[in-house]
Amino acid sequence: MGIDLESRIPNNVDLANDQKLKRALEAWQPKYLEWWRDMGPADFKEDRIYLRTAISVGRGGWANFGYVKMPDYRWGIFLAEPEPERKIHFGDPLGMPAWNAVPGELRNRLRRLIVTQADTEPASVEQQRKLGNTAPSMIDLRNVLQVNVEEGRHLWAMVYLLFKFFGSDGRDEAEGLLERRSGDPDHPRVLQAFNKPVKDWMTFFCYATFTDRDGKYQLSALAESGFDPLARTTQFMLTEEAHHLSVGENGVGRVVERTAQILEEGKDPRKVGAIPLEIIQRYVNEWASASHDLFGGEDSSNAAEAFASGLKGRYREGDGLYKDPKALDQVYATEIERDGRLAKVEIPLRRAMNALLLEAYHADCARIMARWNKILERHHVEARLSLPSLRFNRHIGIHAGKHYDPQGNPITGEQFEAGREQWFVNPSDEDYINSCMIKVHEQGKIAAWIAPPAQGVDEKPWDFEYVLFH
Ligand code: BYC
């Protein structure tokens with residue numbers, strides 16, 4: 001079905017023929033807009049931004065670029081096209097027709113998954129709301145605002161599911177999504193990384209690399225779901241998510257590029273306002289490890305149930321990557337600190353679904369790290385960046401409460417405390433980074449701490465006029 005662009009809420013879910021749902025969503029819309037006004041990007045409301053908006057869900061045809069004032073952005077509900085006669089392809093209901101209604105016994109678990117996913121979307125907008133004011137260039141300003149409007153749309157994607165399939169509980173949850181606030185001690189966002197401040201662009205680029213990438217993996221696992229509306233909505237979200245990830249990876253890459261150029265010239269990055277590699281490494285350590293926690297415990301009965309019941313699959317489950325679509329009678333082997341050494345542990349495979357997803361994610365992050373290190377190599381810089389071990393600095397899961405160095409070797413609590421200053425962003429790093437965060441909004445100009453992007457957006461050059469200021 002095509003997208004109904006004339007509707008107050010653009011959609012391809014035939015809202016026009018579901019008056020009850022349409023009314024419910026139209027009643028939520030002003031509350032969403034109020035939230036966006038209060039908690040969305042802190043400025044730029046009157047400026048026209050070169051944004052892409054979805055106008056069709058077909059391959060290649062969904063991204064339409066043009067100047068839009070953010071409050072006029074058309075947040076809508078778009079599901080990927082249905083696959084005829086789709087069958088559930090993992091877990092206990094293997095081979096059954098995919099569900100188009102929520103099986104009663106799975107209702108609470110499914111709602112919780114949807115609410116957890118949904119909660120991260122407005123949280124990220126709240127975290128990033130002030131970044132525009134210190135954007136290092138016009139294209140970066142445009143990119144963060146693009147990410148923000150699309151995270152807003154991802155909230156719509158989840159809220160649609162809540163209203164359509166969860167009756168009054170769904171309505172209450174949808175209200176709650178606009179009431180919690182990132183970092184609020186009394187009404188925090190659900191997952192911890194979404195309560196951490198994202199105040200500067202080094203943080204933002206690491207966040208978009210590591211935390212948004214958790215989004216990619218979680219959405220991919222939900223895109224396998226036996227609950228077809230969830231699978232279809234997350235499939236479409238993934239098309240938008242790819243841009244967010246590239247903003248992160250290219251952003252850090254451009255910081256590395258600039259620093260590498262300076263080092264190649266034999267200069268001290270600090271002397272010219274670039275970012276020393278050891279500071280970049282500390283931001284990586286901080287955001288990679290915080291994002292590892294987002295996968296939940298490695299040994300999890302929740303994850304086992306979500307898999308067993310056909311709600312949440314493994315990464316690319318549908319591509320036939322796994323021998324046994326039921327994941328029975330197998331174990332996941334890993335290592336954990338015991339008495340100061342690493343000891344082997346085995347977790348029944350179904351209970352290790354979070355660990356499997358985290359491993360797939362980690363391999364992806366390792367590929368990105370290799371690309372950043374290639375930049376250093378190209379500039380004849382010997383130092384390398386590294387990805388912290390999955391055991392390092394964990395607060396959730398089997399390694400929580402234990403101590404490891406960034407390479408994952410067991411250490412004592414005292415050694416961990418002694419390493420803190422070297423491994424984590426410290427107050428003097430923050431002061432230095434803040435001193436670099438000076439807004440550069442003029443067309444064709446860029447801050448000293450970052451190289452320009454190799455490419456612009458929509459085949460435009462990087463120094464195109466992406467923002468028409470009011
Ligand atoms: N922080 O069985 P466990 C994105 C809780 S990001 C706080 O080990 P489970 C995006 C857990 O709730 C993707 N609490 O883990 C990125 C449970 O509580 P109860 C978001 C946590 O449940 C950037 C207990 O600990 N999507 O899209 O299997 C920008 C034991 O949990 C945390 C999803 O997460 C934590 N980190 O897995 C914008 C997908 N971790 O039951 C967007 C949906 C666990 O004891 N969510 N807990 O009260 C899920 O699939 C699962 O909820 C999780 C957790 C993977 C998050």
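**Basis of the description**

Contact means that heavy atoms lie within 4.5 Å. The model is predicted: local features need pLDDT of at least 70, side-chain atom pairs count only at pLDDT 80 or more, and totals for chains, interfaces and linings use all residues. Residues are numbered from 1 along each chain as its sequence is written, and side-chain values use heavy atoms, with hydrogens and water left out.

Val115 belongs to helix H2 (residues 107–127); helices (H or I, at least four residues) and strands (E, at least two) are DSSP runs, numbered from the N terminus. With a relative accessibility of 8%, Val115 counts as buried (under 20% relative accessible area, with exposed over 50% and partly exposed in between, using a 1.4 Å probe and protein chains only).

When neighbours within four places in sequence are left aside, Val115 is in contact with Leu162, Glu173, Leu177 and Arg180. Between Val115 and Val102, 13 residues apart in sequence, the C-alpha to C-alpha separation is 15 Å.

**The three-stranded sheet**

Strands of a sheet pair through backbone hydrogen bonds, either parallel or antiparallel. Here, three strands make an open sheet in the order S2-S1-S5, with antiparallel pairing; two strands pair if DSSP finds at least two bridges between them. Strands S2 (63–69) and S5 (467–468) stand at the edges with a single partner strand each, so one side of each has no neighbour in the sheet.

Helix H3 (residues 138–165) packs on this sheet and touches S1, S2 and S5, its direction making about 40° with that of S1. Axes are lines fitted to C-alpha atoms, for helices over the stretch in contact, and angles run from 0 to 180 degrees between N-to-C directions. Strand S1 (residues 48–54) is joined to S5 by two bridges, and Arg48 has Leu468 as its bridge partner in S5.

**The hairpin of S3 and S4**

Eight bridges connect strand S3 (residues 331–338) with strand S4 (residues 341–348) in the antiparallel sense. Arg338 has Arg341 of S4 as its bridge partner. Two residues lie between the strands of this hairpin, where Asp339 takes a positive phi near 50°.

**Packing of H5 and H9**

Helix H5 (residues 201–223) packs with helix H9 (residues 353–378) at an angle of about 140°, and their axes are 10 Å apart. The residues making the contact include Phe210, Arg213 and Tyr217 of H5, together with Tyr361, Ile368 and Trp372 of H9. The contact residues divide into nine nonpolar, two polar and five charged (Ala, Val, Leu, Ile, Met, Phe, Trp, Tyr, Cys and Pro count as nonpolar, Asp, Glu, Lys and Arg as charged, and the others, Gly among them, as polar).
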